[in-house]
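The structure is shown below.

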Amino acid sequence: MTSLSNSFPAGAEPKTFPSVAGQGEVSDFFALLKPRVMVLVIFTALVGMVVSQVHVQPVVATISLLMIAVGAGASGCLNMWWDADIDAVMSRTAKRPIPDGRIQPGEALAFGLVLSAGSVMILGLAANWLAAALLAFTIVFYAVIYSMWLKRATPQNIVIGGAAGALPPIIGQAAVSGTVGIESIVLFLIIFIWTPPHFWALALIKAGEYAKAGIPMMPNVAGPASTRRQIVGYSLLLFPVGLAPVALGFGGLLYGITGLVGGLGMIAFSVHVMRNREGEAEKRAALGMFGFSILYLFLLFSALLAEQGLGLYRGVSLGGVLA
């Protein structure tokens with residue numbers, strides 16, 4: 001088990017967690033799973049299943065989605081176990097179950113490991129072992145590669161580590177088809193490129209907390225100006241990647257319009273962040289970018305779900321409005 005003083009910033013004292021072993025409520029253990037992240041994982045994995053366009057047994061699909069969600073929650077739990085020291089000194093995370101003393105680190109570690117093993121095993125038995133292997137890789141990547149290494153080692157932590165959050169569509173497609181196709185790879189790329197501008201917008205206004213915790217986030221290392229330029233750059237790159245499903249034929253007119261308007265919106269918000277660099281205007285611009293990026297991804301994947309799952313697909317030819 002990691003020491004709670006591991007990589008603690010100079011001049012700060014680690015919080016001593018009260019000894020209340022066994023006193024955690026069910027809600028506290030559920031909070032360890034990062035339920036808001038789990039919702040996003042379920043949603044993007046479901047879209048990965050739907051765009052596969054294969055016949056799926058509802059029971060297999062349901063169990064697969066549940067296990068993908070549990071695996072994501074398990075990796076979130078292991079992340080909270082390892083990061084308890086830095087969570088204790090950041091205001092937005094200080095009330096998490098471990099730093100607040102409601103769950104002991106050893107309990108969280110055991111909980112995360114059991115859920116990790118169980119979710120991988122059940123997914124393999126219910127769906128196939130390719131999906132199970134991908135889920136296992138995702139858990140290890142997030143809990144070990146990202147949490148234990150990248151997060152404290154490099155300002156590119158969220159860029160590289162974002163691969164873990166982008167993998168659910170690939171796992172979803174593998175679970176129902178037994179293969180990984182171009183559809184889920186494109187969805188992976190969309191989430192992967194979306195993650196830096198989404199997260200760095202928030203990091204711009206939380207830079208002080210990350211500095212206090214000793215985490216090398218981009219605004220603290222490269223500076224706010226460089227971070228803003230990179231937010232614009234990633235938003236520009238996201239625009240054509242977001243429209244790739246139309247070019248590849250599994251995104252139709254509804255998706256294309258959503259991707260076009262949403263992609264332009266991402267660029268506009270990123271430019272707004274670039275131009276507003278001080279005081280309340282900076283905070284409003286960064287929070288606006290952060291909020292719109294969530295809406296963008298939700299609407300983009302919802303459009304695919306509506307087209308492929310509800311029969312609303314209408315193809316766009318090369319000579320159409322989006323060509």
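In which hand, left-handed or right-handed, does α3 pass α5? The crossing of α3 over α5 is left-handed. The model is a predicted one, and every value below is computed from it.

**Helix pairs**

Helix α5 covers residues 105–126, and α3 packs on α5 at an angle of about 155 degrees with the axes 8 Å apart. Angles over 145 degrees count as roughly antiparallel, and α3 is therefore roughly antiparallel to α5. Sorted by class, the residues in the contact of α3 with α5 are 18 nonpolar and six polar, with no charged residues.

A second pair is formed by helix α6 (residues 129–153) and helix α8 (residues 168–177), which pack at about 160 degrees with their axes 8 Å apart. These two helices are therefore roughly antiparallel to each other. The crossing in which α6 passes α8 is left-handed. On the α6 side the contact is made by Leu130, Ala131, Leu134, Leu135 and Thr138, and on the α8 side by Ile170, Ile171, Ala174 and Ala175. Eight of the residues in the contact of α6 with α8 are nonpolar, one is polar and none is charged.

α7 passes α9 in a right-handed crossing. From α7, the contact draws on Ile158, Val159, Ile160, Gly162, Ala163, Gly165 and Ala166; from α9, on Phe188, Ile191, Phe192, Thr195, Pro196, Phe199 and Trp200. The class count for the contact of α7 with α9 is 11 nonpolar, three polar and no charged residues.

The angles and axis separations are collected here.

| Helix pair | Angle | Axes |
|---|---|---|
| α3 and α5 | about 155 degrees | 8 Å apart |
| α6 and α8 | about 160 degrees | 8 Å apart |

**The largest pocket**

The largest pocket holds about 1500 Å³ of space. Its lining comprises 49 residues, and those nearest the centre of the pocket are Lys34, Arg36, Val37, His198 and Phe199. Phe199 is also one of the α9 residues in the contact with α7.

Which helices each supply at least two residues of the lining? They are α2 (35–50), α3 (58–82), α4 (84–87), α6, α7 (157–166), α8, α9 (182–205) and α15 (279–309). Of these, α2 gives the most to the lining, with eight residues. By class, the lining of the largest pocket has 32 nonpolar, 11 polar and six charged residues.

Definitions and conventions: Residues numbered from 1 in each chain as written. Predicted model: local features only at pLDDT ≥ 70, side-chain atom pairs only at ≥ 80, totals over all residues. Heavy atoms only, no water. Axes fitted to C-alpha atoms, helices over the stretch in contact; angles between N-to-C directions. Helix = DSSP H or I, 4+ residues; strand = E, 2+ residues; numbered from the N terminus. Parallel < 35°, antiparallel > 145°, perpendicular 65-115°, else oblique. Left-handed = near helix turned anticlockwise from the far one by under 90°. Contact = heavy atoms within 4.5 Å. Nonpolar A, V, L, I, M, F, W, Y, C, P; charged D, E, K, R; others polar. 1 Å grid on protein atoms, 1.4 Å probe; cavity = no way out; pocket = protein on both sides within 12 Å on 5 of 7 lines; lining within 4 Å. Points joined across faces, edges and corners; volume = space filled by probe spheres on them.
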